[in-house]
Amino acid sequence: MQHYLLSIYQPEGPTPAPSVLQNIMRDVNALRQEMQQADAWVFSGGLHAPSTATVLRVQGDSVLTTDGPFLEAKEHIGGFTIVKAPDLDAALEWGRRLAKATTLPIEVRPFRDGGDR
Amino acid sequence: MSVTAAEIEQVFREQYGRSVAVLVRLCGSIDAAEEAVQDAFTAALQRWPSAGLPPSPAGWIITAARNRAIDVARREASRESRHDLAALHEPADDCEEFDMDMHAIRDDRLRLIFTCCHPALALESQVALTLRLLGGLSTPEIARAFLVPETTMGQRIVRAKGKIRDAKIPFRIPEHAELQARVAAVLAVVYLVFNEGYTAKSGERLLRADLCEEAIRLTRQVSDLMPGEGEVKGLLALMLLTDARRAARVGVDNSLIPLAEQDRALWDSSLIEEGLSLVRHCVAANRPGYYQLQAAIQAVHCSAAGAGQTDWQQVVALYDQLADLTRSPIVELNRAVAVAEVHGPEAALALVEALTLDRYHLFHAIRADLLVRLKRPREAVAAYDAAIARSENRAEREFLGRKRNASLELFS
């Protein structure tokens with residue numbers, strides 16, 4: 001089985017209204033349960049805003065700490081799911097469903113060496 | 001009987017795709033499959049000139065490539081693990097059967113086509129991979145055909161193969177629910193190859209016949225593999241009916257000759273016959289689609305004894321259907337050309353001017369033609385100029401330039 005990272009891309013801007021968000025969370029949770037039942041789910045999680053991020057960078061012998069995300073961008077990763085799937089088509093199908101549930105673009109990317117640990 | 005290198009080259013072009021497809025199933029890797037097939041052809045080049053062509057060149061190549069793949073895997077296995085060797089040995093045992101089993105080979109090729117035309121690959125990569133793996137074209141040949149540097153094309157192919165390997169794009173025939181969309185993707189790729197050959201997007205030569213022939217060959221393959229698909233038949237018919245006019249379309253000085261002025265005696269009647277027969281099959285099946293309707297329109301043109309005898313009513317009716325199906329402004333533009341023949345240039349010009357296709361050179365060229373017919377020379381010349389400025393093909397630009405100058409003389 002190959003592991004795939006499904007990244008959820010979120011645009012900058014205000015979060016959707018609570019009622020909208022509630023529906024999204026319900027759909028995402030239902031999909032997660034389905035992934036678990038199909039033994040495809042490996043891990044998933046949502047992330048706080050990029051403004052909460054801290055970047056560490058090697059500088060000579062020390063490591064520099066800076067506030068903020070590594071890249072300022074119009075979109076950022078709002079969360080991710082890791083699935084295991086027999087091939088890209090199967091992973092894309094989970095990705096397609098995650099896109100519908102979150103209403104956001106999903107990037108599907110394979111792990112090196114299958115991702116098995 | 002001695003065999004020349006040219007004949008082996010011919011076998012290579014015809015059998016490369018089939019051999020790679022079978023080897024991909026055995027090796028599970030495109031790179032390993034290609035390497036094994038290349039080695040098999042190298043062996044053929046050494047052996048066949050003196051030993052003569054084997055009874056089944058394809059069977060010989062596939063068997064030699066399979067043996068080669070087993071050797072390679074064995075060597076790697078002794079270095080790495082015994083596990084891989086077992087995996088490869090197993091399918092190899094039924095190799096004697098698959099040599100004969102056309103069904104298995106058929107499915108191998110279908111699987112490879114669908115992998116090459118997978119929507120997770122960029123369209124340009126799909127085209128390159130299809131020409132390379134199914135058409136047997138070399139990377140320099142594909143680079144030349146698409147006027148990109150060899151290194152660019154090489155990187156494109158390597159990257160696409162890498163994605164197939166790393167992201168595990170499967171080698172399989174899509175399931176029923178997605179089959180239609182995936183077939184459409186395959187047809188889009190071969191149609192792009194054909195169009196690239198028919199009107200080279202840029203550059204000097206108007207026609208790159210080799211690309212047209214390659215596209216027809218690939219579509220024939222897909223049609224053999226999926227005989228029930230109306231759109232595949234439709235695309236094949238469309239290509240045949242278009243390609244049949246190749247000799248009449250280009251003048252001695254490599255200039256472009258429009259349909260109405262072509263010498264119909266130069267049309268290839270056997271290609272037209274085959275195309276018309278396919279269109280009749282499509283019409284009888286009565287499940288019209290994008291390619292079938294376009295083929296039907298070409299069939300009307302090809303059935304007319306002379307340009308004056310064209311059944312324009314029928315052409316307009318077919319464009320009506322096509323416009324309903326596609327909602328494409330380019331279809332509307334072509335429909336307007338037929339409308340001009342039935343309802344006159346005034347009605348056609350109104351249709352054309354309602355379209356927003358400013359960047360498309362044929363929009364301006366067709367508008368210019370209609371303005372000439374409406375005796376509005378000044379606007380016609382401006383429209384020809386706009387068309388010339390937007391065309392990337394030399395022969396086409398010269399053709400438009402001649403029309404522009406003719407319209408000037410007509411009214412001066």
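A residue is called buried here if 20 or more other C-beta atoms lie within 10 Å of its own, exposed if 12 or fewer do, and partly exposed in between, with the C-beta atoms placed from the backbone. The model is predicted, and local features need a pLDDT of at least 70 while side-chain atom pairs count only at pLDDT 80 or more, although totals for chains, interfaces and linings use all residues. Residues are numbered from 1 along each chain as its sequence is written, and chains are lettered from A and ligands numbered from 1 in the order in which they are written.

View 1. Helices (H or I, at least four residues) and strands (E, at least two) are DSSP runs, numbered from the N terminus. Helix α6 of chain B covers residues 102-116, and its 15 residues reach 21 Å from the first C-alpha to the last, which is close to the expected 21 Å, the expected span being 1.5 Å times one less than the number of residues. Its buried residues are B:D108, B:R109, B:L110, B:L112, B:I113, B:F114, B:T115 and B:C116. These buried residues of α6(B) pack against α1 (5-27), α7 (123-134), α9 (150-166), α10 (176-198) and α11 (209-225) of chain B, where two residues are in contact if their C-beta atoms, placed from the backbone, lie within 7 Å.

View 2. The 15 residues of α17(B) reach 20 Å from first C-alpha to last, close to the 21 Å expected at 1.5 Å a residue. Buried in α17(B) are B:V331, B:L333, B:R335, B:A336, B:A338, B:V339 and B:A340, and the buried residues of this helix pack against α16 (312-326), α18 (345-353) and α19 (361-373) of chain B. B:A338 has its place in this helix, which spans residues 329-343, and B:A338 counts as buried because 22 C-beta neighbours lie inside 10 Å. Leaving aside residues up to four places away in sequence, B:A338 touches B:W312, B:V315, B:V316 and B:Y319. B:A338 is 265 residues from B:A73 in sequence, and the two are 61 Å apart in space from C-alpha to C-alpha. After α17(B) comes B:G344, with a positive phi near 95 degrees.

View 3. Chain A contains two helices and six strands, which run β-α-β-β-β-β-α-β from the N terminus on. Its C-alpha trace spans about 45 × 40 × 20 Å along the principal axes, and 20% of its 117 residues count as buried. Among the contacts of chain A with a separation of 6 or more, 75% are between residues 24 or more positions apart. The pLDDT, which is the predictor's confidence in each residue from 0 to 100, averages 93 over chain A, where 98% of the residues reach 70 or more.

**View 4. The four-stranded sheet of chain A.** Two strands pair if DSSP finds at least two bridges between them, and an open sheet of four strands in chain A has the order β2-β5-β1-β6 with antiparallel pairing. Its edge strands, each pairing on one side only, are β2 (41-46) and β6 of chain A. Strand β1(A) pairs with β5 (residues 75-85) of chain A in the antiparallel sense over ten bridges, and A:H3 stands opposite A:K84 in β5(A). Five bridges join β1(A), residues 2-11, to the antiparallel β6(A), in which A:R109 is the bridge partner of A:L5 and A:E107 stands opposite A:S7. The covered face of β6(A) holds A:I106, A:V108 and A:P110, whereas A:E107 and A:R109 form the uncovered face.

**View 5. The contact between chains A and B.** Six residues of chain A are in contact with six residues of chain B. On the side of chain A that touches chain B, helix α2 (residues 88-102) of chain A gives the most, with three residues.
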